[in-house]
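Q: I have a structure open and would like to go through it piece by piece. Can you take my questions as they come?

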Amino acid sequence: MSAELLASIEHVGLRGLFRYWLRHAPSGGIPVAKSFGVEGLADWARNLIVIEVRASSNFRYGFYGTSFRKAFGVDMTGAEVDQLPPEQASLLRAEYRLVRRTQRPYWRVYAAWFGKTEEPQTWERLSLPLAGPKGDVRFILAAAYRVDRGATPRA
């Protein structure tokens, strides 16, 4: 699965993040949040979101990278996913629930209108689970890069 996913990811930043996550993952498992080594995430911080998985099937943004703040005009740090517009919140809840349930990475490419743009923006996104002490998904690292107009080419 990881080789197939790695081959599918176009953006060099996402491929690097996925490789970093894989280096910390035990064979056949997911990295444990406490020993993940977040200091190594600096290269991706601008395009990174950290989602806290809450017991009530709710999700809260613990970190919201500057690229997202700039692109979407809002800082969601500390906010619940439910505070987003209903359609967007529903889509993200479904994605995060899938990552939590399967304990597997989730990758997608999507296009949408953000803010007052005249054309849709295309983004490539990767969500990666991190385990808590009991082996359940406690955090999700989500990174996304814009892949239209000026995106980093495939290396």
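Q: Is Phe68 buried or exposed?
A: Phe68 counts as buried because its relative accessibility is 1%. Buried means under 20% relative accessible area, exposed means over 50%, and partly exposed is in between, with a 1.4 Å probe and protein chains only.

Q: Where do these values come from?
A: This is a predicted model, where local features need pLDDT of at least 70, side-chain atom pairs count only at pLDDT 80 or more, and totals for chains, interfaces and linings use all residues. Residues are numbered from 1 along each chain as its sequence is written, and side-chain values use heavy atoms, leaving out hydrogens and water.

Q: Which residue forms a stacked aromatic pair with Phe68?
A: Trp123, at 6.0 Å centre to centre with 20 degrees between the planes. Rings of Phe, Tyr and Trp (its six-membered ring) pair if their centres lie within 6.5 Å; planes under 30 degrees apart are stacked, over 60 edge-to-face, and the rest tilted.

Q: Where in the chain are the two?
A: Phe68 is in helix α3 (residues 66-72) and Trp123 in strand β4, 55 residues apart. Helices (H or I, at least four residues) and strands (E, at least two) are DSSP runs, numbered from the N terminus.

Q: And is Trp123 buried or exposed?
A: Trp123 is buried, because its relative accessible area is 3%.

Q: Which residues make up the aromatic cluster?
A: Tyr61, Tyr64, Phe68 and Trp123 form one cluster. A search of the whole structure finds seven aromatic pairs.

Q: Back to helix α3. What does Ser67 touch?
A: Ser67 lies in helix α3. Leaving aside neighbours within four places in sequence, Ser67 is in contact (heavy atoms within 4.5 Å) with Arg46 and Asn47. Ser67 is buried, since its relative accessible area is 12%.

Q: New topic. What order do the sheet strands come in?
A: The five strands of this open sheet run β2-β1-β5-β4-β3, with antiparallel pairing. Two strands pair if DSSP finds at least two bridges between them. The edge strands, each pairing on one side only, are β2 (59-64) and β3 (106-112).

Q: How many bridges join β3 and β4?
A: Seven, in the antiparallel sense; β4 covers residues 121-131. One of the β4 residues, Glu124, is the bridge partner of Val109.

Q: What holds paired strands together, in general?
A: Strands of a sheet pair through backbone hydrogen bonds, either parallel or antiparallel.
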